[in-house]
Amino acid sequence: MANLAVAIAGISLRNPVLPAAGPPGWSGEAMRACAAGGAGALVSKTVSVRPAVVPTPNMAAIPGGLLNTELWSELPVEQFIEREYPLAKETGLPLIISIGYTAEEIAALAPRVRPFADALELSTHYLGDDPTPMVEAIRAAKAAVDVPVFVKLSPFRDMQTAARAAAGAGADGIVAINSFGPCLGVDVETGRLLMGSPEGYGWLSGPALKPLALRCVFDIARAVDLPIIGVGGISKGTDAVEFLMVGASAVGICTAAILQGPQVFGRVARQIDRWLDEHGYASVEEVRGLAIRRWREWAFRTAHVPPLLDQDACTGCGLCQAGCVYGAICVVEQKAQLISEKCYGCGLCVTRCPARALSIAA
Ligand SMILES: Cc1cc2nc3c(=O)[nH]c(=O)nc-3n(C[C@H](O)[C@H](O)[C@H](O)COP(=O)(O)O)c2cc1C
(Lines give C-alpha, C1' and ligand atoms only; values in the text may rest on other atoms or scores of the structure.)
Protein backbone atom coordinates (compact mmCIF):
# COMPACT_ATOMS: atom_id res chain seq x y z
CA MET A 1 0.00 0.00 0.00
CA ALA A 2 1.24 3.46 -0.92
CA ASN A 3 1.45 6.23 1.63
CA LEU A 4 -1.62 8.42 1.07
CA ALA A 5 -1.01 10.74 4.01
CA VAL A 6 -0.20 14.34 3.13
CA ALA A 7 0.35 17.54 5.07
CA ILE A 8 -0.92 20.87 3.74
CA ALA A 9 0.11 24.04 5.54
CA GLY A 10 0.93 21.93 8.61
CA ILE A 11 -2.41 20.07 8.63
CA SER A 12 -2.04 16.29 8.48
CA LEU A 13 -4.53 14.45 6.28
CA ARG A 14 -5.06 10.68 6.27
CA ASN A 15 -5.54 10.91 2.50
CA PRO A 16 -5.57 13.77 -0.03
CA VAL A 17 -9.26 13.54 -1.05
CA LEU A 18 -11.53 16.24 0.41
CA PRO A 19 -14.99 17.58 -0.24
CA ALA A 20 -14.96 20.89 -2.12
CA ALA A 21 -17.04 23.66 -0.54
CA GLY A 22 -20.68 23.22 -1.48
CA PRO A 23 -23.58 20.84 -0.89
CA PRO A 24 -21.36 18.00 0.48
CA GLY A 25 -20.67 20.29 3.48
CA TRP A 26 -24.03 22.01 3.78
CA SER A 27 -24.78 20.66 7.29
CA GLY A 28 -23.18 18.82 10.17
CA GLU A 29 -24.82 15.56 9.14
CA ALA A 30 -23.67 15.97 5.54
CA MET A 31 -20.08 16.55 6.72
CA ARG A 32 -20.27 13.46 8.94
CA ALA A 33 -21.36 11.49 5.88
CA CYS A 34 -18.27 12.79 4.02
CA ALA A 35 -16.11 11.56 6.93
CA ALA A 36 -17.82 8.16 6.90
CA GLY A 37 -17.37 8.09 3.13
CA GLY A 38 -13.60 8.29 3.57
CA ALA A 39 -12.70 11.98 3.12
CA GLY A 40 -9.25 13.06 4.34
CA ALA A 41 -10.64 16.27 5.86
CA LEU A 42 -13.91 18.20 5.86
CA VAL A 43 -14.75 21.44 4.07
CA SER A 44 -17.93 23.28 4.98
CA LYS A 45 -20.29 25.14 2.66
CA THR A 46 -19.38 28.82 2.31
CA VAL A 47 -21.09 31.04 4.87
CA SER A 48 -21.25 34.81 4.85
CA VAL A 49 -22.47 37.47 7.23
CA ARG A 50 -26.06 36.94 6.10
CA PRO A 51 -27.80 33.86 4.73
CA ALA A 52 -28.09 33.67 0.95
CA VAL A 53 -31.45 33.91 -0.81
CA VAL A 54 -31.00 31.20 -3.40
CA PRO A 55 -33.05 31.04 -6.62
CA THR A 56 -34.69 27.81 -7.75
CA PRO A 57 -34.14 25.71 -9.71
CA ASN A 58 -30.43 26.04 -8.98
CA MET A 59 -28.91 22.71 -10.08
CA ALA A 60 -29.23 20.86 -13.36
CA ALA A 61 -27.47 17.80 -14.71
CA ILE A 62 -26.06 18.43 -18.19
CA PRO A 63 -23.71 16.36 -20.36
CA GLY A 64 -20.29 16.82 -18.80
CA GLY A 65 -21.45 17.80 -15.33
CA LEU A 66 -23.73 20.29 -13.63
CA LEU A 67 -24.94 23.82 -14.00
CA ASN A 68 -25.61 25.52 -10.69
CA THR A 69 -26.66 28.90 -9.48
CA GLU A 70 -26.43 28.18 -5.78
CA LEU A 71 -24.92 31.01 -3.78
CA TRP A 72 -23.37 30.70 -0.34
CA SER A 73 -25.24 28.95 2.48
CA GLU A 74 -28.90 29.69 3.14
CA LEU A 75 -28.23 28.88 6.79
CA PRO A 76 -27.10 31.65 9.13
CA VAL A 77 -23.54 31.51 10.42
CA GLU A 78 -24.97 31.31 13.97
CA GLN A 79 -26.47 27.91 13.12
CA PHE A 80 -23.13 26.68 11.77
CA ILE A 81 -21.40 27.84 14.97
CA GLU A 82 -23.99 26.35 17.33
CA ARG A 83 -24.72 23.11 15.53
CA GLU A 84 -23.10 22.27 12.19
CA TYR A 85 -19.40 22.85 12.96
CA PRO A 86 -19.53 21.04 16.35
CA LEU A 87 -21.15 18.03 14.65
CA ALA A 88 -18.43 18.03 11.99
CA LYS A 89 -15.69 18.35 14.62
CA GLU A 90 -16.94 15.19 16.36
CA THR A 91 -15.54 13.18 13.43
CA GLY A 92 -11.99 14.04 14.52
CA LEU A 93 -11.07 15.08 10.97
CA PRO A 94 -9.52 18.49 10.24
CA LEU A 95 -12.24 21.01 9.38
CA ILE A 96 -11.62 23.69 6.75
CA ILE A 97 -14.26 26.40 7.10
CA SER A 98 -15.23 28.29 3.95
CA ILE A 99 -16.24 31.92 4.41
CA GLY A 100 -16.88 34.83 2.04
CA TYR A 101 -16.44 37.43 0.68
CA THR A 102 -15.18 41.01 1.22
CA ALA A 103 -12.44 42.00 3.67
CA GLU A 104 -15.06 43.54 5.94
CA GLU A 105 -17.13 40.35 5.94
CA ILE A 106 -14.06 38.16 6.49
CA ALA A 107 -12.92 40.34 9.42
CA ALA A 108 -16.34 39.84 11.03
CA LEU A 109 -16.64 36.10 10.31
CA ALA A 110 -13.13 34.76 10.84
CA PRO A 111 -12.88 35.17 14.65
CA ARG A 112 -16.37 33.73 15.10
CA VAL A 113 -15.68 30.49 13.21
CA ARG A 114 -12.07 30.19 14.40
CA PRO A 115 -12.85 27.92 17.44
CA PHE A 116 -13.91 25.16 15.02
CA ALA A 117 -11.48 25.81 12.18
CA ASP A 118 -8.27 23.93 11.45
CA ALA A 119 -7.99 26.29 8.48
CA LEU A 120 -10.07 28.91 6.72
CA GLU A 121 -10.92 28.88 3.04
CA LEU A 122 -11.82 32.24 1.53
CA SER A 123 -14.17 32.16 -1.43
CA THR A 124 -13.45 34.84 -4.02
CA HIS A 125 -16.37 33.83 -6.24
CA TYR A 126 -18.18 37.16 -6.27
CA LEU A 127 -15.13 39.42 -6.11
CA GLY A 128 -14.41 39.66 -9.85
CA ASP A 129 -11.18 39.50 -11.84
CA ASP A 130 -9.27 42.25 -10.04
CA PRO A 131 -7.08 40.59 -7.34
CA THR A 132 -7.30 43.62 -4.98
CA PRO A 133 -10.47 42.59 -3.06
CA MET A 134 -9.00 39.08 -2.69
CA VAL A 135 -5.76 40.49 -1.32
CA GLU A 136 -7.68 42.59 1.18
CA ALA A 137 -9.78 39.58 2.23
CA ILE A 138 -6.63 37.48 2.81
CA ARG A 139 -5.04 40.25 4.87
CA ALA A 140 -8.21 40.58 6.95
CA ALA A 141 -8.25 36.83 7.64
CA LYS A 142 -4.55 36.71 8.51
CA ALA A 143 -4.98 39.60 10.91
CA ALA A 144 -7.95 37.92 12.59
CA VAL A 145 -6.88 34.28 13.08
CA ASP A 146 -3.85 32.10 13.72
CA VAL A 147 -4.90 29.10 11.57
CA PRO A 148 -3.79 28.60 7.94
CA VAL A 149 -5.72 30.66 5.41
CA PHE A 150 -6.43 29.11 2.01
CA VAL A 151 -7.86 31.19 -0.78
CA LYS A 152 -10.15 29.65 -3.37
CA LEU A 153 -9.78 31.04 -6.86
CA SER A 154 -12.42 31.24 -9.52
CA PRO A 155 -10.91 30.75 -12.97
CA PHE A 156 -9.38 34.22 -13.34
CA ARG A 157 -8.03 34.92 -16.80
CA ASP A 158 -4.52 35.10 -15.37
CA MET A 159 -4.16 32.59 -12.54
CA GLN A 160 -0.47 33.31 -12.00
CA THR A 161 -1.11 36.98 -11.22
CA ALA A 162 -3.88 35.99 -8.81
CA ALA A 163 -1.73 33.31 -7.17
CA ARG A 164 1.24 35.65 -6.74
CA ALA A 165 -1.04 38.30 -5.25
CA ALA A 166 -2.46 35.70 -2.85
CA ALA A 167 1.01 34.57 -1.81
CA GLY A 168 2.10 38.19 -1.35
CA ALA A 169 -0.87 38.83 0.92
CA GLY A 170 0.13 35.91 3.13
CA ALA A 171 -2.14 33.06 1.97
CA ASP A 172 -0.99 29.67 3.25
CA GLY A 173 -2.44 27.70 0.36
CA ILE A 174 -4.58 27.93 -2.76
CA VAL A 175 -7.72 26.03 -3.72
CA ALA A 176 -8.38 26.01 -7.47
CA ILE A 177 -10.84 26.24 -9.06
CA ASN A 178 -14.42 27.29 -8.39
CA SER A 179 -17.12 26.58 -10.99
CA PHE A 180 -16.89 28.36 -14.37
CA GLY A 181 -19.31 30.81 -15.84
CA PRO A 182 -21.63 32.35 -16.46
CA CYS A 183 -23.01 29.58 -18.68
CA LEU A 184 -26.50 28.81 -19.94
CA GLY A 185 -28.71 25.76 -20.36
CA VAL A 186 -32.11 25.38 -22.06
CA ASP A 187 -34.80 22.73 -21.62
CA VAL A 188 -35.59 22.00 -25.24
CA GLU A 189 -39.08 20.60 -24.48
CA THR A 190 -40.34 23.76 -22.80
CA GLY A 191 -37.98 26.51 -23.90
CA ARG A 192 -37.28 27.32 -20.25
CA LEU A 193 -33.80 28.17 -19.10
CA LEU A 194 -32.48 25.51 -16.74
CA MET A 195 -31.51 27.96 -13.98
CA GLY A 196 -33.88 30.15 -12.01
CA SER A 197 -31.32 32.94 -11.46
CA PRO A 198 -32.34 36.46 -12.53
CA GLU A 199 -30.41 36.23 -15.83
CA GLY A 200 -30.91 32.48 -16.20
CA TYR A 201 -27.16 32.01 -15.88
CA GLY A 202 -25.51 29.03 -14.21
CA TRP A 203 -21.96 27.94 -13.40
CA LEU A 204 -20.35 24.81 -14.82
CA SER A 205 -18.79 22.05 -12.71
CA GLY A 206 -17.94 18.39 -13.18
CA PRO A 207 -15.89 16.56 -15.84
CA ALA A 208 -16.25 19.35 -18.45
CA LEU A 209 -14.38 21.64 -16.06
CA LYS A 210 -11.36 19.38 -15.55
CA PRO A 211 -9.10 20.62 -18.40
CA LEU A 212 -9.59 24.23 -17.29
CA ALA A 213 -8.96 23.33 -13.66
CA LEU A 214 -5.83 21.35 -14.53
CA ARG A 215 -4.46 24.28 -16.53
CA CYS A 216 -5.14 26.62 -13.64
CA VAL A 217 -3.38 24.36 -11.11
CA PHE A 218 -0.46 23.87 -13.51
CA ASP A 219 -0.10 27.66 -13.86
CA ILE A 220 -0.39 28.28 -10.11
CA ALA A 221 2.10 25.56 -9.21
CA ARG A 222 4.69 27.15 -11.51
CA ALA A 223 4.08 30.63 -10.07
CA VAL A 224 4.08 30.16 -6.30
CA ASP A 225 5.48 27.80 -3.72
CA LEU A 226 2.24 27.19 -1.80
CA PRO A 227 0.26 23.99 -1.26
CA ILE A 228 -2.59 23.66 -3.77
CA ILE A 229 -5.88 21.81 -3.39
CA GLY A 230 -6.94 20.98 -6.97
CA VAL A 231 -10.68 21.05 -7.67
CA GLY A 232 -12.69 20.60 -10.84
CA GLY A 233 -14.21 17.54 -12.46
CA ILE A 234 -12.63 14.87 -10.28
CA SER A 235 -14.64 11.67 -10.00
CA LYS A 236 -12.03 8.90 -10.09
CA GLY A 237 -8.52 8.12 -8.95
CA THR A 238 -6.80 8.91 -12.24
CA ASP A 239 -8.46 12.36 -12.31
CA ALA A 240 -6.93 13.02 -8.89
CA VAL A 241 -3.51 11.73 -10.01
CA GLU A 242 -3.60 14.20 -12.93
CA PHE A 243 -4.06 17.06 -10.43
CA LEU A 244 -1.21 15.76 -8.27
CA MET A 245 0.99 15.57 -11.36
CA VAL A 246 0.40 19.25 -12.19
CA GLY A 247 1.35 20.27 -8.66
CA ALA A 248 -1.64 19.80 -6.33
CA SER A 249 -0.98 18.39 -2.85
CA ALA A 250 -4.60 17.34 -2.34
CA VAL A 251 -7.87 17.37 -4.29
CA GLY A 252 -11.45 18.49 -3.69
CA ILE A 253 -14.63 16.94 -5.07
CA CYS A 254 -18.06 18.54 -5.24
CA THR A 255 -20.09 17.48 -8.30
CA ALA A 256 -19.19 13.78 -8.11
CA ALA A 257 -20.07 13.78 -4.40
CA ILE A 258 -23.47 15.31 -5.23
CA LEU A 259 -24.17 12.86 -8.06
CA GLN A 260 -22.64 9.70 -6.57
CA GLY A 261 -22.81 10.28 -2.83
CA PRO A 262 -20.10 10.76 -0.18
CA GLN A 263 -18.60 7.29 -0.68
CA VAL A 264 -16.81 8.86 -3.63
CA PHE A 265 -14.10 10.23 -1.28
CA GLY A 266 -12.97 6.83 -0.03
CA ARG A 267 -13.39 5.29 -3.47
CA VAL A 268 -11.15 7.91 -5.12
CA ALA A 269 -8.59 7.54 -2.29
CA ARG A 270 -8.49 3.76 -2.82
CA GLN A 271 -8.16 4.23 -6.57
CA ILE A 272 -5.21 6.62 -6.05
CA ASP A 273 -3.65 4.02 -3.76
CA ARG A 274 -4.06 1.27 -6.36
CA TRP A 275 -2.73 3.48 -9.15
CA LEU A 276 0.36 4.39 -7.12
CA ASP A 277 0.99 0.72 -6.32
CA GLU A 278 0.55 -0.39 -9.92
CA HIS A 279 2.92 2.31 -11.16
CA GLY A 280 5.62 1.69 -8.55
CA TYR A 281 5.19 4.88 -6.51
CA ALA A 282 5.42 4.66 -2.74
CA SER A 283 3.61 7.90 -1.91
CA VAL A 284 1.46 10.74 -3.17
CA GLU A 285 4.45 13.02 -2.76
CA GLU A 286 6.41 11.08 -5.40
CA VAL A 287 3.97 11.96 -8.20
CA ARG A 288 3.35 15.55 -7.14
CA GLY A 289 4.59 17.86 -9.89
CA LEU A 290 5.65 15.02 -12.22
CA ALA A 291 3.93 16.56 -15.26
CA ILE A 292 5.63 19.89 -14.57
CA ARG A 293 9.03 18.20 -14.39
CA ARG A 294 8.37 16.28 -17.65
CA TRP A 295 6.61 19.05 -19.56
CA ARG A 296 9.75 20.51 -21.16
CA GLU A 297 10.69 17.12 -22.63
CA TRP A 298 7.43 17.04 -24.58
CA ALA A 299 6.77 20.69 -25.30
CA PHE A 300 6.55 22.10 -28.82
CA ARG A 301 7.50 19.26 -31.11
CA THR A 302 6.79 20.02 -34.74
CA ALA A 303 7.88 16.87 -36.57
CA HIS A 304 4.93 14.85 -37.94
CA VAL A 305 5.86 11.67 -36.12
CA PRO A 306 3.35 8.82 -36.59
CA PRO A 307 2.26 6.96 -33.46
CA LEU A 308 3.63 3.58 -32.51
CA LEU A 309 1.18 0.76 -33.17
CA ASP A 310 1.10 -2.47 -31.18
CA GLN A 311 -0.94 -4.71 -33.47
CA ASP A 312 -1.15 -7.51 -30.89
CA ALA A 313 -3.00 -5.15 -28.56
CA CYS A 314 -5.32 -3.83 -31.32
CA THR A 315 -8.90 -5.12 -31.04
CA GLY A 316 -9.97 -3.81 -34.44
CA CYS A 317 -12.65 -1.55 -32.99
CA GLY A 318 -12.10 1.07 -35.72
CA LEU A 319 -12.27 4.21 -33.52
CA CYS A 320 -8.84 5.30 -34.80
CA GLN A 321 -9.93 5.03 -38.43
CA ALA A 322 -13.26 6.78 -37.79
CA GLY A 323 -11.50 9.84 -36.35
CA CYS A 324 -8.55 10.09 -38.74
CA VAL A 325 -9.38 12.98 -41.08
CA TYR A 326 -6.08 12.38 -42.92
CA GLY A 327 -6.94 8.79 -43.85
CA ALA A 328 -3.69 7.64 -42.24
CA ILE A 329 -5.03 4.64 -40.36
CA CYS A 330 -7.38 1.90 -41.46
CA VAL A 331 -8.53 -1.41 -40.06
CA VAL A 332 -7.86 -4.46 -42.21
CA GLU A 333 -8.93 -7.91 -40.98
CA GLN A 334 -9.59 -6.61 -37.44
CA LYS A 335 -6.17 -4.93 -37.10
CA ALA A 336 -5.27 -1.27 -37.47
CA GLN A 337 -2.71 -0.40 -40.11
CA LEU A 338 -0.81 2.88 -40.30
CA ILE A 339 -0.10 4.70 -43.55
CA SER A 340 2.81 6.69 -42.13
CA GLU A 341 3.29 9.03 -45.08
CA LYS A 342 -0.26 10.35 -44.61
CA CYS A 343 0.03 10.81 -40.84
CA TYR A 344 0.22 14.33 -39.40
CA GLY A 345 1.13 13.05 -35.92
CA CYS A 346 -1.88 14.83 -34.43
CA GLY A 347 -2.23 12.18 -31.72
CA LEU A 348 -6.03 11.90 -31.70
CA CYS A 349 -6.04 8.16 -32.39
CA VAL A 350 -3.70 7.58 -29.45
CA THR A 351 -6.17 9.19 -27.05
CA ARG A 352 -9.18 7.37 -28.56
CA CYS A 353 -7.77 3.83 -28.59
CA PRO A 354 -9.49 1.92 -25.76
CA ALA A 355 -6.88 -0.86 -25.92
CA ARG A 356 -3.89 1.54 -25.71
CA ALA A 357 -2.53 -0.15 -28.83
CA LEU A 358 -1.34 3.25 -30.06
CA SER A 359 1.23 5.40 -28.31
CA ILE A 360 3.24 8.53 -28.99
CA ALA A 361 6.87 7.88 -29.75
CA ALA A 362 9.24 9.22 -27.09
C1 LIG B 1 -24.18 23.14 -6.34
C2 LIG B 1 -22.82 23.70 -6.06
C3 LIG B 1 -22.64 24.56 -4.98
C4 LIG B 1 -21.38 25.11 -4.72
N5 LIG B 1 -21.19 25.92 -3.64
C6 LIG B 1 -19.96 26.41 -3.37
C7 LIG B 1 -19.73 27.18 -2.20
O8 LIG B 1 -20.61 27.41 -1.38
N9 LIG B 1 -18.48 27.68 -2.02
C10 LIG B 1 -17.45 27.45 -2.89
O11 LIG B 1 -16.33 27.91 -2.68
N12 LIG B 1 -17.64 26.67 -3.98
C13 LIG B 1 -18.86 26.15 -4.24
N14 LIG B 1 -19.04 25.34 -5.32
C15 LIG B 1 -17.89 25.05 -6.22
C16 LIG B 1 -17.23 23.72 -5.87
O17 LIG B 1 -16.63 23.74 -4.60
C18 LIG B 1 -16.13 23.38 -6.90
O19 LIG B 1 -15.14 24.36 -6.84
C20 LIG B 1 -16.62 23.27 -8.33
O21 LIG B 1 -17.92 22.72 -8.37
C22 LIG B 1 -15.70 22.41 -9.18
O23 LIG B 1 -15.51 21.14 -8.62
P24 LIG B 1 -16.36 19.84 -9.08
O25 LIG B 1 -16.22 19.72 -10.55
O26 LIG B 1 -15.79 18.71 -8.30
O27 LIG B 1 -17.77 20.13 -8.69
C28 LIG B 1 -20.28 24.78 -5.58
C29 LIG B 1 -20.48 23.90 -6.65
C30 LIG B 1 -21.73 23.36 -6.89
C31 LIG B 1 -21.89 22.40 -8.05
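A: In this predicted model, the largest nonpolar core has 102 residues, and those with the most contacts inside it are Ile174, Ala176 and Val217. Helix α6 (residues 210-223) supplies the largest share of this core, with seven residues. Around Ala176, once its neighbours within four places in sequence are left aside, the contacts are Leu153, Met159, Ala213, Cys216, Val217, Ile220, Ile228, Gly230 and Val231. Another core, of ten residues, lies apart from the largest one, and among its members are Leu309, Ala336, Cys349 and Leu358.

Helix α4 also has a buried side to consider. This helix, residues 132-144, has 13 residues and reaches 18 Å from its first C-alpha to its last, close to the 18 Å expected at 1.5 Å a residue. Its buried residues are Met134, Val135, Ala137, Ile138, Ala140 and Ala141, and they pack against α3 (103-113), β8 (119-123), β9 (149-153) and α5 (159-168).

Turning to the strands, there is an open sheet of four, in the order β5-β6-β14-β11, with antiparallel pairing. Because β5 (59-62) and β11 (180-183) stand at the edges with a single partner strand each, one side of each is left without a neighbour in the sheet. From one strand to the next, the twist averages 30°. The antiparallel strands β5 and β6 (residues 65-68) are joined by four bridges, and methionine 59 has asparagine 68 in β6 as its bridge partner.

Terms used:
Residues numbered from 1 in each chain as written. Predicted model: local features only at pLDDT ≥ 70, side-chain atom pairs only at ≥ 80, totals over all residues. Helix = DSSP H or I, 4+ residues; strand = E, 2+ residues; numbered from the N terminus. Expected span 1.5 Å × (residues − 1). Buried ≥ 20, exposed ≤ 12 C-beta atoms within 10 Å, placed from the backbone. Contact = placed C-beta atoms within 7 Å. Pairing = 2+ DSSP bridges. Axes fitted to C-alpha atoms, helices over the stretch in contact; angles between N-to-C directions. Core = buried A, V, L, I, M, F, W, Y, C linked by C-beta atoms within 7 Å.
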